[in-house]
Amino acid sequence: MPDATFLDSTELVLNMGPQHPSTHGVLRVILKLDGEKVLGTDCVIGYLHRGVEKIAENRTYTQFNPYVDRMDYVAAISNGLGYCLAVEKLLNVEAPPRAQAVRVILTELNRIASHLIWLGTHALDIGAVTPLFYCFREREEALKIFENYCGARLTTHAFRIGGLQYETYEGFEREVKAFCKMFGPKVDEYEELLTNNRIWMGRLKGVGVLSADECKEYGVTGPMLRAAGVKWDLRKAQPYSGYEKYDFEIPTRENGDTYDRYVVRMQEMRQAARIVEQAVENIPEGPILGKVGKVIKPPVGEAYVSIEAPKGELGYYVVSDGSTQPYRVRVRPPSFVNLQALDRMVRGGLIADVVAVIGTLDIVLGEVDR
Amino acid sequence: MPDEQKPEGSEGPPPAQGEAPKPQAKPAAPAAKPAPPKPAAPAPKPPAVMMAMPWDSDLARDLKERFPGRVLATSTYLGQNFIVATPEGAIPVLEFLKLEADFDYLVDITAVDWPKRAERFDLVYVVYSFPRNERVRIKTAIADGFHPQTAVDVHLTANWLEREVFDMFGIEFAGHPDMRRILMPEEWEGYPLRKDYSIIQQDQRWVRENLGIESGQ
């Protein structure tokens with residue numbers, strides 16, 4: 001066939017974002033396209049950069065605590081837990097058992113809330129509008145518990161270095177139990193809408209595949225790593241805050257595609273509810289604050305502490321020079337590191353799948369840019 | 001954890017790391033250490049160096065054997081192990097850990113600025129091993145203007161992590177495929193996480209030209 005019957009195809013550069021509804025914030029992706037095929041991407045980030053790590057060096061340990069909530073703002077409680085654990089490590093203290101149990105309950109509820117945001121927006125990106133409303137309905141219930149506990153719904157500042165900020169409120173256990181009881185059937189409801197939905201499967205299966213080796217190469221953690229078949233969860237591998245006491249599974253899948261990541265996150269929500277159920281059954285009595293002074297002043301030293309945040313490994317590397325202000329706080333954000341794999345996941349695919357892949361990455365730009 | 005034992009190695013943050021050959025008898029003389037002058041306070045002052053203990057294990061011994069002169073110390077603090085390496089030794093150690101000791105996941109790369117020290121920056125690599133369930137840090141002290149070798153050839157993750165270190169500290173990595181700023185605007189002057197960069201400092205020219213205002217404060 002003579003070549004002349006075809007039009008010349010030249011590379012087209014298309015700018016996606018920063019103001020784009022399916023980039024989940026202010027992410028700008030420069031796409032290089034050949035027709036509908038993606039030849040390459042370049043992420044432009046930093047629009048939400050607020051210099052959190054610089055701020056840390058100019059605040060005391062206690063003053064910096066609320067700032068960490070503003071990074072991954074849909075999972076603020078996880079951020080707070082990681083920071084408090086890191087400073088506690090430097091101080092060589094542990095939160096008392098009661099504080100640990102309440103921490104686990106709130107963190108897991110927050111994991112559910114975070115995954116619900118992911119599910120709602122991810123489904124919306126693909127074109128399923130209904131799940132968004134379902135997800136926000138249940139998320140509201142979790143946020144109500146946070147609000148009753150600490151007065152804030154999103155940027156909670158729920159924990160304090162050494163334990164908890166507040167004692168639980170009257171009816172806390174009842175409300176948490178009611179949430180767990182209500183939540184299981186709701187997940188069934190979402191699954192009914194999506195799991196065997198032909199359009200859903202068609203849009204997700206085989207899209208944005210990241211194998212286990214690629215995940216490790218790119219430092220990708222969290223549900224994305226587990227969807228590629230690696231049974232690794234920091235709550236099991238290096239338990240913190242008493243996670244070793246609870247009985248739960250690490251859901252994994254084999255293919256590492258967008259559909260598998262969906263399945264893994266759905267299972268994780270069920271497991272999170274299971275952990276909350278066990279934790280709320282017997283919250284130990286006792287103090288909620290460990291032996292920390294009014295002035296937090298860790299000895300000279302450094303520590304790297306990480307937790308299993310909803311998005312992956314969230315680490316804090318804190319260096320102390322013996323003063324009341326941290327000398328350096330480095331946040332190892334899961335979103336930032338996971339986003340780097342975007343190029344590998346969409347290269348060679350179709351432009352329509354870019355939206356699906358950004359959704360499945362479950363990034364929060366506040367955490368990417370810090 | 002190991003907490004109130006006697007200090008032995010003294011590779012704390014303030015003195016140049018790994019200068020003194022490792023576990024001598026006592027922290028003989030980190031002599032010219034400009035300890036933060038906190039006069040008065042008759043109470044027993046906590047020491048101004050990190051009370052790290054020597055870390056002894058098969059891996060630590062192996063490392064010292066393989067990289068004589070390049071691995072300066074293997075230490076542990078609060079139950080967390082770290083290796084102090086020379087600037088040239090960091091990448092070979094990283095590669096060795098990945099290929100022969102199963103440390104297959106580069107968790108993080110970051111830096112710490114110690115402006116009063118001759119080797120101004122600490123470059124810190126955090127690696128984790130899935131099979132061993134173990135985490136180790138590699139630390140190396142580098143001077144301002146030194147171009148450390150990139151880790152991208154060993155771990156692809158290093159790409160963005162090193163770009164962020166460059167963006168925030170101005171440490172340029174030799175051999176990096178894409179050494180651009182990542183969070184700050186590309187034309188921005190100055191490196192925000194350096195200690196001599198004030199918290200209210202900004203690139204006035206950039207703010208004026210791009211935002212059309214006199215000051216972002």
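Which side chain of chain A does Arg135(B) meet in a salt bridge? The partner is Glu313(A), at 3.0 Å from N to O. A salt bridge here is a side-chain nitrogen of Lys or Arg within 4 Å of a carboxyl oxygen of Asp or Glu. The model is predicted: local features need pLDDT of at least 70, side-chain atom pairs count only at pLDDT 80 or more, and totals for chains, interfaces and linings use all residues. Residues are numbered from 1 along each chain as its sequence is written, chains are lettered from A and ligands numbered from 1 in the order in which they are written, and side-chain values use heavy atoms, with hydrogens and water left out.

**Interface of chain A and chain B**

- Contact (heavy atoms within 4.5 Å) involves 47 residues of chain A and 55 residues of chain B.
- The buried area comes to about 4,400 Å². Carbon and sulfur atoms give 54% of that area. Buried area is the accessible area (1.4 Å probe) that two parts lose on being put together, summed over both.
- Between the two chains there are 10 salt bridges.
- The rule also finds 31 residue pairs in polar contact across the interface, both residues at pLDDT 80 or more. A polar contact is a pair of N or O atoms within 3.5 Å; within protein, one must be able to donate a hydrogen and the other to accept it, and residues adjacent in sequence count only if both atoms are side-chain atoms.
- On the side of chain A that touches chain B, strand β6 (residues 301–309) of chain A gives the most, with 6 residues. Helices (H or I, at least four residues) and strands (E, at least two) are DSSP runs, numbered from the N terminus.
- That side of chain A divides into 21 nonpolar, 10 polar and 16 charged residues. Ala, Val, Leu, Ile, Met, Phe, Trp, Tyr, Cys and Pro count as nonpolar, Asp, Glu, Lys and Arg as charged, and the others, Gly among them, as polar.

- Arg330(A) and Glu164(B) meet through their side chains in a salt bridge of 3.1 Å, N to O.
- Arg330(A) lies in strand β8 (residues 328–332) of chain A and Glu164(B) in helix α3 (residues 158–169) of chain B, so the pair joins two chains.
- Arg330(A) is buried, at 2% relative accessibility. Glu164(B) is buried as well, at 4%. Buried means under 20% relative accessible area, exposed over 50%, and partly exposed in between (1.4 Å probe, protein chains only).

**Salt bridges within chains**

- The whole structure holds 47 salt bridges over all chains.
- In chain A, Lys144(A) pairs with Glu141(A), the closest N and O atoms being 3.6 Å apart. Both residues lie in helix α5 (residues 130–150) of chain A, 3 residues apart, about one turn of the helix.
- Lys144(A) is partly exposed at 38% relative accessibility. Glu141(A) is partly exposed at 32%.
- In chain B, Asp144(B) forms a salt bridge with Arg120(B), and the closest N and O atoms are 3.6 Å apart. This pair links distant parts of the chain, 24 residues apart. Asp144(B) sits in the loop between β6 (134–142) and α3 of chain B. Arg120(B) sits in the loop between β4 (105–113) and β5 (121–129) of chain B.
- Asp144(B) is partly exposed, at 41%, whereas Arg120(B) is buried, at 10%.
- A network of salt bridges links Glu108(A), Arg111(A), Arg226(A), Asp233(A), Arg235(A), Glu268(A) and Glu308(A).

**Chain A overall**

- Chain A has 15 helices and 8 strands.
- Its radius of gyration is 21 Å, close to the 21 Å that the globule rule gives for 370 residues, so chain A is as compact as a globular protein of that length. The radius is taken over C-alpha atoms, and the globule rule is 2.2 Å times the number of residues to the power 0.38.
- Of the 370 residues in chain A, 61% are buried.
- Among contacts in chain A between residues at least 6 apart in sequence, 70% join residues at least 24 apart.

**Chain B and its helix α2**

- Chain B has 4 helices and 6 strands, in the order β-α-β-β-α-β-β-β-α-α along the sequence.
- Of its 217 residues, 50% count as buried.
- Helix α2 (residues 90–100) of chain B has these buried residues: Ala90(B), Ile91(B), Val93(B), Leu94(B), Phe96(B) and Leu97(B).
- The buried residues of α2(B) pack against α1 (58–66), β2 (71–77), β3 (80–85), β4, β5 and β6 of chain B.
- Asp102(B) follows α2(B) and has a positive phi, near 70°.
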